Amino acid sequence: MDYSQFLYMHDEISLIAVIVILFLADLFLCGDRKSGTVSKALSLLPVGLLALQTAYIASALLCPCGDGMSEAFGGMYQNTPVMTLVKVVLNVGTIIVFLMADSWMKRPENQIKVGEFYMLTLSTLLGMYYMISSGHFLMFFIGLELASIPMTALIAYTKNNQESAEAAAKYILTALFSSGLLLYGISLVYGTCGTMYFDELAAKFSPADTLQLAALVLFISGIGFKISLVPFHLWTADTYQGAPTTVTGYLSVISKGAAAFVLFTILVKVFQPMVEQWNTIMLWIIIFSITVANLFAVRQNNIKRFMAFSAISQAGYLVLGVMGGTAQGMTSLVYYLFVYMVANLGVFLIINVTEQNSGKINISDYNGFYQSNPKLSFIMTLCLFSLAGIPPFAGFFSKFFIFMAAFNAGFPVLVFIALVNTVISLYYYLLIVKAMYIVKNDAPIAPFRSDCYTKTAIAVCALGVVLGGIVSCIYGYIDTLSYGL
Amino acid sequence: MNFLSLFVLIPLLMLFSLWLAKGQKGIRTVMVVGSSALLALAVALTVKFISDRAGGAAEEMLYTASFVWFEPLHISYSVGVDGISVVMLLLSGVIVFTGTFVSWDMCKEYFLWFTLLSMGVFGFFISIDLFMMFMFYEIALIPMYLLIGVWGSGHKEYSAMKLTLMLMGASAFLMLGIFGIFYGAGGQTMNVVDIANHTGGAQIIEFSKQCIWFPFTFVGFGVLGAMFPFHTWSPDGHASAPTAVSMLHAGVLMKLGGYGCFRVAIYLLPEAANELSWIFLILTATGVVYGALSACVQTDLKYLNAYSSVSHCGMVLFAILMLTTTASTGAILQMLSHGLMTALFFAVIGMIYHRAHTRDIRQLNGLMRIVPFLSVAFAIAGLANLGLPGLSGFVAEMTIFVGSFENADTFHRVFTIMATTSIVVAAVYILRMIGKILYGVNLNPEHAKLHDAHWEERFAVICLIVCIAGIGLAPGWLSDVISDSVAPVIDNVKSVGHLLSQSNPFK
């Protein structure tokens, strides 16, 4: 065996190294938390290490060797530049989540389990890495499980909170169920084709084979749970509401984005002969996801529940890029993912910092928020506008491009339905804007100062929202990488 | 850098300066300097444009510049103006300038959104790239929500939401229409001029595709132009908006609709325009009459003017659909004239409301004795609205009806006559309102204590009156500028229409 092929997995190995260092640091350094400087340095350690690792894997993008594609273990592990790019995007999101988590980690009840939070989060990230880079269905499945199971522990992080425990139970049950479906689909694939390597499968599929069609349906259902597409979305609202806000933010962006990307790559790479079939399935899934989630979002009062439905509908827009499986779709999907990440994390940052300081999480609590906290509500407005697709914010560009891709792939009716839905989504995003600016409130949330980590993260998100669209080289750069699936 | 980009850069600079400005004085300075600069730029552009045209610059668009923006998607930052955009920029300059003076006492946030709105409007008129047009169109819409929702009056939350959602719904149609045009023309360029002239890689859009995308595009822009039956956002929106926002909205924003219909729907989809214009002609003619009749029964001054706007803006779309050079020139003149006079009307109504705290026609009486300046301005606005010769309304409507009657067939002539009746109805509601609130005896002792206009209000009102009378007295140069630019578009429509009727034995 040629051990040098492990080196192709340098993205994953560097992440494992980060996890190991954090584990050791947690073991040896966190015993005494007396010294202020030490604890401050320690709280910076995960962010710093992850930032270093991000820089490391991004450096491979900047100076590509050859066409940048690599594979190891006979094709079980594959990597292309666009996959590395997605990993970088996920890393940036995770860094923002870590910055968001800091004030929450400093609470006395969480002091004893700080290390666990970081390690669990990075483990799910590692799972997503493997999921993205998989070239074999078993590899994919292992990655998926690694991304799901630590997530359950994260959701149940505040274990004495009943809602948190309930959310975790709901999540683990649906995750296991969907894994079961997926495994069954994979077994059908193996049964009919005799192989599970992605490269070999495409040649062996045919739309006429009922068992293979069943495998396709089971695969889409299984991964639909992870992306929380309708009708596999039922766990989402309760889990988002019950999970700690930081974890909800992570769940709504990072794990969803990774799964959507993998859905795209596997549909295009493996299920290519059945493109008409999966186009039809995805068409209806997208229509239902966007419409149902929008209608439910209108009625929510808890802002985390609201964001859950908003996230379902955004997921529907995100997988619009899947339609037709074109390179343009791939570019716009990755771009949408990036833009959605900064905007959604921006909203969650503000929800989180408000919850940490006042304990309030209802939309009606935000009435008059502008009077007491003008800066935060202004940035919240920017992020919401971006989510709703209002120019000149990045969300407008990403929505326009993803609609353009779907239109070009030949689905004008679907684009029209999605466009009508953007109007509904604008309505409910404006409800929050209205609460903050227009509705009068005698006792708005008291003014508070956010900690410097949150401020940094908010600044990053606001910058992304404002410049992510206008600066066209971001889209152009993703486009140059979108090849070689 | 092309000097047209200044129309976007100045508002951008204004946004930054407003953000930094301290105190009411600082805000006012920024606004006055910025809006004067914009107005001066618009005037300079007009002068330069006319002299360059006279000097023989015959291209369709002057001062064009294009920078690639999103290369994979063929989106570029392209600007350029023709006669139509020049007068629209001039109109926007005047309205933003006077609007600043009308909203003298407002706070910083208000002006931030106000400036953002202006940026969208100016950007829209200078762009010749479909993506840019759409982007600026949406930039102009969204500040409306907060401007009405926060600083409006009456049931403002409802109106703001209704307006935003209806216009965004329209932009959904529009976006699909833009995709249809872009990919129909081969997906190589978003440049309007290139698509229209089949240059720069653009192909001729198939006739069947044109017929699908024309309604989407026309409705998309038409909703903003208050096209019947999608006009319902406009009365509520106008009535609830603060004064300067009503001015800007009725004066400029609704013109985006008419301009877009002409520049995108008619210009880029000429065959479909020939084929399908009759459907929209029926709708717009209905809107013209319906708006005028609705105005007759209103008791709220702002609602009255809003319905009158529906009627007048319907006239713009109606004239565009007549597809003759004269009628389309009239349409652009009508946009300009309606923009100015409705802005004046809303400004004066706002000033009266600010003093009397009511806009109910039944409660206002004999204002001529109490606030003579405002009353005279009000009367002038009313007279311009009903098309009195010597003021701008007359010139525009006259051109429209003459141009419409050039179509020799019965269908067009019947609808022209139908639309003409709105002039009579306009005389009814305007004169009745003027007689009721300006003359007679004031019965309310509170109203007897009203004070007349402040200097900044007078200044804004006089600026607008000068413009209205100027167009009314010397319309020749304007209609020359406009018809020079309208002619190529209409000629194009006519030529393909000719081919169409040859191939189609039933026409």
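B:L323 sits in the loop between helix 12 (301-321) and helix 13 (325-356) of chain B. Helices (H or I, at least four residues) and strands (E, at least two) are DSSP runs, numbered from the N terminus. Phi of B:L323 is near 55°, a positive value in a residue other than glycine. The residue is buried, at a relative accessible area of 4%. Buried stands for under 20% relative accessible area, exposed for over 50%, and partly exposed for in between (1.4 Å probe, protein chains only).

This is a predicted model, in which local features need pLDDT of at least 70, side-chain atom pairs count only at pLDDT 80 or more, and totals for chains, interfaces and linings use all residues. Residues are numbered from 1 along each chain as its sequence is written, chains are lettered from A in the order in which they are written, and side-chain values use heavy atoms, with hydrogens and water left out.

**Backbone**

A:S228 also has a positive phi, about 55°, although it is not a glycine. A:S228 lies in the loop between helix 8 and helix 9 of chain A. Its relative accessibility is 0%, so it counts as buried.

**Interface of chains B and A**

Contact means heavy atoms within 4.5 Å. By this rule, 34 residues of chain B touch 35 residues of chain A. The buried area between the two chains is about 3,300 Å², and carbon and sulfur atoms give 85% of it. Buried area is the accessible area (1.4 Å probe) that two parts lose on being put together, summed over both. On the chain B side, B:F70, B:F179 and B:Y183 lose the most area to chain A, together 17% of what that side buries.

The rule finds one salt bridge across the interface. B:E157 pairs with A:K434, and the closest N and O atoms are 3.5 Å apart. A salt bridge needs a side-chain nitrogen of Lys or Arg within 4 Å of a carboxyl oxygen of Asp or Glu.

Which elements of chain B give two or more residues to the side that touches chain A? They are strand 1 (62-70), helix 4 (108-126), helix 5 (130-151), helix 6 (156-184) and helix 8 (207-224). Helix 6 gives the most, with 14 residues.

**Aromatic pairs**

The structure holds 82 aromatic pairs over all chains. Rings of Phe, Tyr and Trp (its six-membered ring) pair if their centres lie within 6.5 Å; planes under 30 degrees apart are stacked, over 60 edge-to-face, the rest tilted.

A:F140 and A:F219 form a tilted pair, 6.0 Å centre to centre with 55° between the planes. The partners are 79 residues apart, with A:F140 in helix 5 (residues 137-155) and A:F219 in helix 8 (residues 210-227) of chain A. A:F140 is buried at 0% relative accessible area, and A:F219 is buried at 3%.

A:F400 and B:F131 have ring centres 4.6 Å apart and planes at 85°, so the pair is edge-to-face. A:F400 lies in helix 16 (residues 394-408) of chain A and B:F131 in helix 5 of chain B, so this pair joins two chains. A:F400 has a relative accessible area of 0%. B:F131 also has 0%.
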